[in-house]
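My notes follow in the order in which I looked things up.

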Amino acid sequence: MNTMPELDAFWMPFTPNRQFKAAPKLVVAAEGVVYRTADGREVLDGTSGLWCVGAGHRHPRIVEAMKRQIDTLDFASNFQVGHPGAFALAERLSIVAPPGLDRVFLTNSGSEACDTALKIALAYWRARGEGHRNLFVGRERAFHGVGFGGISVGGMTNNRRAFGTALLRSDHLRSTWDATTQAFVRGQPPSGAEMADELETRIIPLHDASAIAAVIVEPVAGSTGVLVPPRGYLRRLREICDRHGLLLVFDEVITGFGRLGAMFAAQAFDVVPDMIVFAKTVTNGAAPLGGVLVRREIHDTLMQGPAHLSELMHGYTCSGHPLASAAALAMLDVIEAESLCERAAALAPHFENAVHALADAPGVVSIRNIGLAAGVELAPMPGRPGARGAAAQATAFDHGVLTRAPGDTLVLAPPFVSTPQQVDCMVEALRAAISDTAHLLETTP
Ligand SMILES: Cc1ncc(COP(=O)(O)O)c(C=O)c1O
């Protein structure tokens, strides 16, 4: 049976469209940790889809919950009316969140959730009579999605270049990545907490704390190749924010719901922000859903004004969609019933050893890891940064593993239910792809 569709009309997101359509890699089914391709091959899902599928594909409990939901209530808006699923989900999220973050705004994606958090910060300060706070502090090499808010605080040049004329007022901390001291560190780099001081020594003196609406960071930067925060860095950032009365937002779109062996990175690192942005694994990728966990005082500050008006002029048609809410509630059940956070934590040491064994593969210049996330950085093709990473990603797929390559870094973020043997196969496929692309290092620019 020919399963190859016409490819021209779909403008693929974040994809070199012409290259893909010349050599399409199409998956048509999935189960557990394995994708099936259009040409009948099995490929291990080394990236949990896109950091989503922690519980493995088509988890029966999530599939059942979604089927039940679609048979009962397919759609109801949460504007003025509501449906029980969204309320139940928010309540469940408030219980698993760090203490104090017990109010929840629901969106459809991580990008929307990032922009929502920034809007909540602006609205909060305005409600407190401090509407002049309109500067956001992000960090270099951060990814906070593709909304104008997210790219303003984000720090990926390629994502900002085309839209730089239309961004919010922002400044950026330097990235926590330091090639000279962190190249092959396992887990959190032992030194470097002082990198957080830049907020206090440069950014606050330059703009004044009274101009800053919020500081937003990913606890672990994922989309730029897994950059792990030095020990003590996030706590130091929290302390500086507290000293100067700044809101701190953690973007946990990739770290939320088990990736670091805890429900949130906030709990893994024992640092509580004022808001947590989440998406992806919350539904195991089975339906689009994101959101923001908000400290109650921020929420309550906004519960004012005429009673017939929305307190926050913000929301999406599908905020808290019934199907997505059902998927997320089922995923929270699965995380609990199958101890997925504990499983991720238990698999992490094996994963760490397996990825660090790639240190001797040709042209590997750095390996970073934490929980079930790792970045293996390759020496670039001379004069063509990113080309070797792209080639290795494509070759890895042929060797049977889905990986991602931001620049020349190959990322692995396996489902929490992967077996040690599956992790080994993923790593061996990466090794083959790294070897296959080593000849690119010999080319002249
Ligand atoms: C940290 C982070 N924030 C935000 C986003 C954007 O999420 P979405 O693609 O669901 O809009 C991503 C996506 O990878 C992410 O990694």
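**Conventions.** I number residues from 1 along each chain as its sequence is written. The model is predicted, and I kept to its limits: local features need pLDDT of at least 70, side-chain atom pairs count only at pLDDT 80 or more, and totals for chains, interfaces and linings use all residues. Helices (H or I, at least four residues) and strands (E, at least two) are DSSP runs, numbered from the N terminus.

**Core.** I began with the largest nonpolar core, which has 132 residues, and I noted that Ala117, Val215 and Ala327 have the most contacts inside it. Helix 13, residues 322–337, gives the most to this core, with 11 residues. For the record, a nonpolar core is a set of buried Ala, Val, Leu, Ile, Met, Phe, Trp, Tyr and Cys residues joined through C-beta atoms within 7 Å. I call a residue buried if 20 or more other C-beta atoms lie within 10 Å of its own, exposed if 12 or fewer, and partly exposed in between, with C-beta atoms placed from the backbone. In soluble globular proteins, nonpolar side chains tend to be buried together.

I then asked which residues Ala327 is in contact with, leaving aside its neighbours within four places in sequence. They are Ile62, Ala65, Met66, Thr283, Asn284, Ala286 and Ala287, where contact means that the two C-beta atoms, placed from the backbone, lie within 7 Å.

**Helix 4 against helix 13.** Helix 4 (residues 84–96) packs with helix 13 at an angle of about 35°, and their axes are 9 Å apart. The axes are lines fitted to C-alpha atoms, for helices over the stretch in contact, and angles run from 0 to 180 degrees between N-to-C directions. I recorded the crossing as left-handed, that is, with the near helix turned anticlockwise from the far one by less than a right angle. From helix 4, Gly85, Ala86, Ala88, Leu89, Arg92 and Val96 meet Pro322, Ser325, Ala326, Ala328, Leu329 and Leu332 of helix 13. By class, this contact has 9 nonpolar, 2 polar and 1 charged residues; here Ala, Val, Leu, Ile, Met, Phe, Trp, Tyr, Cys and Pro count as nonpolar, Asp, Glu, Lys and Arg as charged, and the others, Gly among them, as polar.

**Helix 9.** Which residues of helix 9 (residues 198–207) are buried? I found Leu199, Ile203 and Ile204. Seen down the axis of helix 9, these buried residues fall within an arc of 90°, so they line one face of the helix; the arc is that of the directions from the helix axis to the C-beta atoms. The cover over them includes strand 5 (135–139), strand 6 (170–173), strand 7 (212–217) and helix 10 (233–244). On the face turned away from the buried side I listed the exposed residues Thr201, Pro205 and Leu206. Asp208 follows helix 9, and its phi is positive, near 80°.

Arg58, in the loop between helix 2 (48–51) and helix 3 (60–70), has a phi near 50°, a positive value in a residue other than glycine. Arg58 counts as partly exposed because it has 14 C-beta neighbours inside 10 Å. Ser339, in the loop between helix 13 and helix 14 (340–356), has a positive phi of about 45° although it is not a glycine. Ser339 also counts as partly exposed, with 14 C-beta neighbours inside 10 Å.

**Val253.** I placed Val253 in the loop between strand 8 (248–251) and helix 11 (265–268). Is Val253 buried or exposed? It is buried, since 28 other C-beta atoms lie within 10 Å. Not counting residues up to four places away in sequence, Val253 touches Gly110, Val277, Phe278, Ala279 and Lys280.

**Helix 16 and the segment after it.** Pro420 is in helix 16 and is in contact with Leu347 and His350, leaving aside neighbours within four places in sequence. Thr444 is placed in the segment after helix 16 and counts as exposed, with 5 C-beta neighbours inside 10 Å.
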